[in-house]
Each structure stands twice: as structure tokens, then as C-alpha cells.
Amino acid sequence: MDFEAVAKYSALHLKPAGLSLQYGTAGFRTKAGHLDHIMYRMGLLAVLRSRQTKSTIGVMVTASHNPEEDNGVKLVDPLGEMLTSAWEEYATRLANAEEQEIQSILTEICQKEAVKLHQYASVFIGRDTRPSSEKLSQSVIDGVSALGGQYHDYGLVTTPQLHYMVCCQNTQEHYGKATVEGYYQKLSKAFGELTKQTSSSGDDQMCLKIDCANGIGALKLKEMERYLPKKLLIHLYNDGTKEKLNHLCGADFVKVHQKPPLGLEIKPNERCCSFDGDADRIVYYYNDTAGHFHLVDGDKIATLISTFIKELLIKIGQTLKMAVVQTAYANGSSTRYLEETMKVPVHCTKTGVKHLHHKAQEFDIGVYFEANGHGTVLFSKAAEEKIRHMAKEEKENQKREAAKMLENTIDLINQTVGDAISDMLVIEAILALKGLTVQQWDAIYTDLPNRQLKVKVADRRVIDTTDAERRAVTPPGLQEKIDELVKKYRVSRAFVRPSGTEDVVRVYSEADTQENADSLAHEVSLAVYHLAGGIGEPPQPVC
């Protein structure tokens, strides 16, 4: 290992004194000005991971739905999945090391992971549209170069596009071409094939207003438009030409505030959706004729997609094992509808996409979405081969056509990670094929009123949870208090969990009315404040 080069470059990317960050579900995220040394070191780590796996590794410079002044970085593993947890720990250690410790940590990783130092290393780099992203991606390049790795800088891409291209590269392009153009071509072709069977009356339904959060999604959709069939009319808003990234817009804003983004006028019953800043989340919404706002979130997306796939599986006569994976934040009505009406098994995991992704891999077909709109569908290799074989060889017309629809659905879905563009095309295709309006989709089941709050605490680690974060183990007495409060309200539930990124405890409640959900959330927040070391003013009732 050329430690001289590592030290020389390292001197150009010094760590600020006293800064400590942890690699979480979303990688590293903080103010952009604090990230230069981390980007450099993640370039170093990506080279080691590439040598260890003998594969191309991705490095994405983004802070997703965070404010424009923040930035972040995440590494992408060989099949486009998130970085494995053992290497998350290496990332944290390397990021927080003092200059003189870098050499020994790199050496230790190489020894523990049997990294061959002369192995060829390849790293794909992408970035979002933040003003800080170009300079920070250059710091990643310095890290890759210091250890003699090769890199391909894709420049401005969505996070899911980088995941997709890493997977393409490492499957010898079996998954698709490792170019942005290859991504557009694969998805557009699958969308065109899938929507061939829509009736002409379906054409006017494929009209969609998209809030692009003033982020990368707008640039990429503009590039992709010429590949898409004319029957899909998309109108882009918050396209980054005027306002700041994620400011009063984007999927996270719409989900949290339960209202439309700034800069998008909605006529009654118009179908609209919002991406987040790096285009890996999507939520739908509309205003009814009375002007009331309706959010159609990740739970309803999972329900629509899994229902569509189940109907096709019945048509082809296949008993492939399908399940929906949710987190504790999934609305109780969605879980009941899937299990009781659709007879689709539902599994709950800890919050965080990597937990859902791993659980979804256990099934022939695993559909996972967080309520925030981040999700996708995974098809096992065996299920995919079976479906493709039937699409080609099945003698019975109806079965073969259904298998072809499933095959096109597989090609339209980005299986590496949640992808707002891919998910949007899947949803639009299903709505057109089923002749559903956004209101009819929303009416499949009615969400239970819910509320999310957060409580500032001195140390979020005092909260420990079990049962996929639905029950608190510590501090003593907290879960008993929550159970007592929940009993006061009808069809209610509540849970608390520590934030993954800040010293707050997140509180979630559901009940039969919004007033009761708000009241329950407030009472649980007070219990957290008193039993888990709340700081500042006690939580106030929800207005």
C-alpha cells in the first residue's frame, strides 16, 4: 500500500478537530463544510472494498431530502445494495480517525478482510445537484487515486441510477447497460410493453404533475422524456431553476406536513407526486372536490403493486411465495387490508431500508416500502427465471400474456434500491392497466388517523427497543406507561424509537380519530420527556 500517497493526499483533506460522525442507514450526513475529509476517506475505503469483493463499488455524494447546505455520502455494494454492516463499522472508524491513525486502520482492514493490495480496484462515483457536491466528489476521487484505484465519474445522477449502474457492471451487464442511457432505454421499453394493453380511455389517465424537490430528479426526467411513450404526459414542477433543493417541497416535506409542496397548484382530483432530493423516494397525493388534501404514501404504493402482482400470479397459476415487508410506521389499516382482504403475508422489520431489503430477499417476491415512499420489489433468481420461461414458452395464451406482463414489471422495477422514477412508472402503468383514478386507488382502504412527534432528550441511547422497534425495553416503566395510555383510545397503538441521526426520540400514534391520535401522541411524548431524560420545554399539545 502506498502510504506516502495516502498521507500526501490526506494532508489536503484534514479532519476538523472534535468532529465525530457515524455511518448510518443513510451513510454520513452533516453540514457540507465538515465532510471533505470523510469523502477522501470513503474513496480509500471504496478501493479496499472493491479489492476485497473483486467488484466495482459505488460512492454516491448526496444528502437526499436534507436541506441544501447539508451533504453526505454512501457506499454501494456489488449488486447495487447498501454497504454491508461490518464495513459500516470500518467507515465510522476511518471517518473519525486522527491523521496518524489512518495507516494502521487501513492495514487492519486489509488483514481482517484478506484484501489483496495488488488486486484491480474499480469505483463508480455519482453526485446530486447540491452546490457542494462537485468539490466533495473530487475529494472521493483523491481517495480512490491515492490507493491506485480506477474510477468512473458519472457526474450528476440520481442515487438509484448509481445503484443500478453498479449492479449492471458487476453482472457483466446481465442486469442492463451500465450507462444512464441504458437505464432510460430499459425502463422505457418495459413501460411501453407493459402499457400496450391499456384501452384508449386509459390514455387520458396517464397525466401526472411531478414535484422534483428542486433536485436531480428534474434533470434526469427531462433527459428521459424523449424515451417515454407519448401517452404518458408528465409536467415537472420545482425543477431546480428557481428555488432551493428540498425547500418547502419534495416527498419528505409532503409526507411530514401532509400538504402540497410550494410551487405546485393542484386542481381537484389531479394526480400529483413528489420525489425527494436524490429521487429515491416517491409519494402521491391529490385534492378532492372539497379542497381537502389526500396523501397516498408508501403503504398504499406497496398495496397497489402487491395486489397487481398477486393477480398476475393467480393468472399464470404460480404458487410463488410473495410477502410485503413493512416497518412499525406502516398504517395499521394497510397491514389489515393486506393480510385479511388480499391474503398477502406481511412482515415487520426495524426502520431503515437495509432491514426491509434483507427481509424481502427471503421470499420469491418481496415487496417493501417505508411509509415515506422509499421502496421497491425484489424477485428471487428462481422466480425471475420461472416467469421469463413462461413468457416465452407457455402455450396457453392467457397465461403467457400474464407472464409477459410480469416479465415487463420485473424489467421496469429497479431491484437494487427504492427509485422514484422507476416506482412512478410502475404505478402509472398499473393505474392505466386497471383503469383506476388516484381517488379510487386511495379508497382501497382508509388510513387510520396518525401523528408523528419528536422529543428532545439528553441521550437517545437511553431508549432501547424490541419487536421490530414496536416495544421499548428501556428506560424502565416507559413501555408500561405507553400500554396504559393506548388503552384509553379506540383502535389505537403507539411506539417510540430513538432517532438514527439526532438526539431525539420519535413518537408515533394511531387512533380512531385525528383528535385521539394527536392526544395519544402528546401523552406518550410527555412520558418520554419525564422517563427518558427530556431536555428543554416539555412537549406541548398538538395544535
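Biologist: Where is the place of Asp276?

Modeller: This is a predicted model, where local features need pLDDT of at least 70, side-chain atom pairs count only at pLDDT 80 or more, and totals for chains, interfaces and linings use all residues. Residues are numbered from 1 along each chain as its sequence is written, and side-chain values use heavy atoms, with hydrogens and water left out. Strands here are DSSP runs (E, at least two residues), numbered from the N terminus. Asp276 sits in the loop between strand S8 (272–275) and strand S9 (282–287).

Biologist: Is Asp276 buried or exposed?

Modeller: Buried means under 20% relative accessible area, exposed over 50%, partly exposed in between (1.4 Å probe, protein chains only). Asp276 has a relative accessible area of 0%, so Asp276 is buried.

Biologist: Which side chain makes a polar contact with the side chain of Asp276?

Modeller: A polar contact is a pair of N or O atoms within 3.5 Å; within protein, one must be able to donate a hydrogen and the other to accept it, and residues adjacent in sequence count only if both atoms are side-chain atoms. At 2.9 Å, the partner of Asp276 is the side chain of Ser64.

Biologist: Which residues does UniProt list for "binding site"?

Modeller: The entry is unreviewed, and such annotations may be inferred rather than shown by experiment; positions follow the numbering used here, with feature names shortened. The UniProt record lists Ser64, Asp276, Asp278 and Asp280. They span 217 residues in sequence, yet no two of their C-alpha atoms are more than 8.0 Å apart, so they gather at one spot.

Methods
Helix = DSSP H or I, 4+ residues; strand = E, 2+ residues; numbered from the N terminus.
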